[in-house]
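Thanks for coming. I will take a few minutes to go through one structure, so please have a look at it first.

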Amino acid sequence: MTADALVYHPTVSHYLRFVATTVGRDKLLRTLQYFSRFYAWYLFRTNSPPRLIAPFEAIKKQFGLTRKALRLGKNVEHFKAAAAAMDDTKNRDEFLRYCAVGRQLGYAMYLTLDIATYIDAAGIWKLESAKRLQKEAYRAWFVGLMFNTIAGVYTLWGLRQREQEVDKADGEGVVESKKLRRERTATNLQLISDVCDLTIPGSALGYANLDDGIVGLAGTLSSLIAVWGTWKKTA
């Protein structure tokens with residue numbers, strides 16, 4: 001009976017739906033990858049022996065390579081999303097529309113270049129230009145994240161303006177106020193995630209002098225936010 005209760009528990013069913021998605025598996029691997037990056041740095045800074053550091057360095061490297069494989073072909077999705085955002089002239093703020101196009105094109109170029117870096121990193125075909133392509137990939141990712149960050153700040157400003165216009169004494173105003181609060185919470189979470197993610201390409205490109213401890217923690221936090229979001233979507 002205890003085994004049946006565990007096997008058929010709703011949480012187990014939810015977990016199976018979560019890991020059945022490519023996004024769910026990717027975000028779990030990403031969380032472990034960036035936590036390992038942080039923890040390997042921490043062990044190194046505390047003068048731990050190499051045999052303790054090596055497993056976390058391996059997780060960081062191998063999970064990163066696995067995630068590259070999971071992303072193969074995903075660039076097409078972002079090119080399509082960029083085209084859809086450009087065509088969406090009726091239901092989107094003009095500024096947010098251009099930010100969406102910039103974000104999607106940035107991600108699309110990042111994932112396109114990522115294919116070449118995966119071929120090199122996996123040993124399928126060694127490329128002399130692999131390091132340059134990786135740098136350009138990071139630059140494209142940084143641009144996409146910047147567009148999303150700017151859009152997030154702009155959205156928060158718009159929500160604040162709308163909240164000031166809501167009459168909370170009215171029944172419909174109360175409902176609208178709750179809706180705006182939910183939108184603000186979701187936007188804040190995405191903004192935190194984007195700012196955390198900016199540390200990764202920002203550090204790799206030399207825009208910010210950040211060590212692996214900070215980048216690892218930032219990546220872990222943004223990954224956990226993504227895990228939570230995907231978990232809710234698969235409820």
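A search of the whole structure turns up 13 salt bridges. Keep in mind that this is a predicted model. One of those bridges joins aspartate 26 and arginine 67, whose closest N and O atoms are 2.8 Å apart. Aspartate 26 belongs to helix H3, residues 22-45, and arginine 67 to helix H4, so this pair ties together parts that lie 41 residues apart in sequence.

Now the overall layout. How many helices and strands does the protein have? There are 9 helices and 0 strands. Read from the N terminus, the order of elements is therefore simple to write down: α-α-α-α-α-α-α-α-α. Along the principal axes, the C-alpha atoms fill a box of roughly 65 × 55 × 35 Å.

Next, helix packing. Two packed helices are described by the angle between their axes and the distance between those axes.

Helix H4 covers residues 50-70 and helix H6 covers residues 94-121; they pack at an angle of about 130 degrees, and their axes are 10 Å apart. That angle makes H4 oblique to H6. On the H4 side, the contact is made by Leu65, Lys68 and Ala69, and on the H6 side by Asp114, Thr117, Tyr118 and Ala121. The crossing of H4 and H6 is left-handed.

Then H3 and H9. Which way does H3 run relative to H9, roughly parallel or roughly antiparallel? The axes of H3 and H9 come within 8 Å and cross at roughly 160 degrees. That makes H3 roughly antiparallel to H9, because the cut-off for this label is an angle over 145 degrees. H3 and H9 cross in a left-handed way.

H9 also packs against H8. Helix H8 spans residues 171-204 and helix H9 residues 212-233, and their axes come within 8 Å, crossing at roughly 145 degrees. H8 passes H9 in a left-handed crossing. Which residues make this contact? From H8 they are Leu189, Ile192, Ser193, Cys196, Asp197, Thr199, Ile200 and Ser203. From H9 they are Val215, Ala218, Gly219, Leu221, Ser222 and Ile225.

Last, the surface. Tyr15, Leu16 and Leu28 make a nonpolar surface patch of about 280 Å². Of these residues, leucine 16 lies in helix H2, which runs over residues 10-19.

Definitions and conventions. Residues are numbered from 1 along each chain as its sequence is written. This is a predicted model: local features need pLDDT of at least 70, side-chain atom pairs count only at pLDDT 80 or more; totals for chains, interfaces and linings use all residues. Side-chain values use heavy atoms; hydrogens and water are left out. Patches are made of residues with over 30% relative accessible area and no salt bridge: like charges are joined within 9 Å, nonpolar side chains (Val, Leu, Ile, Met, Phe, Trp, Tyr) within 5 Å. Accessible areas come from the Shrake-Rupley method with a 1.4 Å probe; for residues, only the protein chains shown count as cover. A salt bridge is a side-chain nitrogen of Lys or Arg within 4 Å of a carboxyl oxygen of Asp or Glu. Helices (H or I, at least four residues) and strands (E, at least two) are DSSP runs, numbered from the N terminus. Axes are lines fitted to C-alpha atoms, for helices over the stretch in contact, and angles run from 0 to 180 degrees between N-to-C directions. Angles under 35 degrees count as roughly parallel, over 145 as roughly antiparallel, 65 to 115 as roughly perpendicular and the rest as oblique. A crossing is left-handed if the near helix is turned anticlockwise from the far one by less than a right angle, and right-handed if clockwise. Contact means heavy atoms within 4.5 Å.
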